[in-house]
Amino acid sequence: LGDEVTVTWRNLTYDVPMLIKDGKSKNDLKRILHGLSGHCAAGQVVAVMGPSGCGKVRCGCLCRVADE
């Protein structure tokens with residue numbers, strides 16, 4: 001530990017399966033993240049902001065998955 005890390009992403013896109021009313025997925029995908037780019041340098045504070053339902057939590061989940 002103690003190593004500084006910078007994380008960079010370019011043109012990030014993420015699609016999720018569309019759900020029908022009974023909770024089952026159908027073949028259609030919905031793009032919830034499209035063309036996102038950015039970076040986080042060691043020691044920086046970063047905020048992800050946006051309206052309810054825009055994908056902020058999903059973005060955080062993607063970061064945790066990438067870390068595992």
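Is aspartate 15 buried, partly exposed or exposed? Aspartate 15 has a relative accessibility of 31%, so it counts as partly exposed. This residue is revisited below, after a view of the whole chain. The model is predicted.

**Stop 1: the whole chain**

Display the chain as a cartoon. One helix and two strands are present, and their order from the N terminus is β-β-α. Of the 68 residues in the chain, 6% are buried. Among contacts with a separation of 6 or more, 44% are between residues 24 or more positions apart.

**Stop 2: colour by confidence**

Colour the chain by pLDDT. The average for the chain is 77, and 75% of the residues score at least 70. Select residues 56-67 to highlight helix 1, whose mean pLDDT of 60 is the lowest among the elements of the chain. Strand 1 has the highest mean, at 86.

**Stop 3: the salt bridge**

Next, select aspartate 15 and arginine 31 and show their side chains. A search of the whole structure finds one salt bridge, and aspartate 15 forms a salt bridge with arginine 31. The closest N and O atoms of the pair are 2.8 Å apart. Aspartate 15 lies in strand 1 (residues 7-19) and arginine 31 in strand 2 (residues 25-40), so the pair, 16 residues apart, links distant parts of the chain. Why can such side chains pair? Side chains of opposite charge can do so when their charged atoms come close.

The side chains of arginine 31 and aspartate 15 are also joined by a polar contact of 2.8 Å. Now mark the two C-alpha atoms: those of arginine 31 and aspartate 15 are 4.2 Å apart in space.

How accessible is arginine 31? Its relative accessibility is 44%, and therefore arginine 31 counts as partly exposed. Leaving aside residues up to four places away in sequence, arginine 31 touches Thr13, Tyr14 and Asp15.

**Stop 4: tyrosine 14**

Move to tyrosine 14, one of the residues that arginine 31 touches. Tyrosine 14 is found in strand 1. With a relative accessibility of 26%, tyrosine 14 counts as partly exposed.

**Stop 5: asparagine 11**

Finally, select asparagine 11, which is also placed in strand 1. Is asparagine 11 buried or exposed? Its relative accessibility is 55%, so asparagine 11 counts as exposed.

Inspect the backbone at this position. Asparagine 11 has a positive phi of about 50°, although it is not a glycine. As a point of reference, most residues other than glycine have a negative phi.

Then display the surroundings of asparagine 11. Not counting residues up to four places away in sequence, asparagine 11 touches Gly35, Leu36 and Ser37. For a further distance, select leucine 33: asparagine 11 and leucine 33 are 22 residues apart in sequence, with their C-alpha atoms 9.4 Å apart in space.

Note on methods
Residues numbered from 1 in each chain as written. Predicted model: local features only at pLDDT ≥ 70, side-chain atom pairs only at ≥ 80, totals over all residues. Heavy atoms only, no water. Helix = DSSP H or I, 4+ residues; strand = E, 2+ residues; numbered from the N terminus. Buried < 20%, exposed > 50% of the residue type's maximum accessible area, 1.4 Å probe, protein only. Contact = heavy atoms within 4.5 Å. Salt bridge = Lys/Arg side-chain N within 4 Å of Asp/Glu carboxyl O. pLDDT = per-residue confidence, 0-100. Polar contact = N/O pair within 3.5 Å; in protein donor to acceptor, adjacent residues only side chain to side chain.
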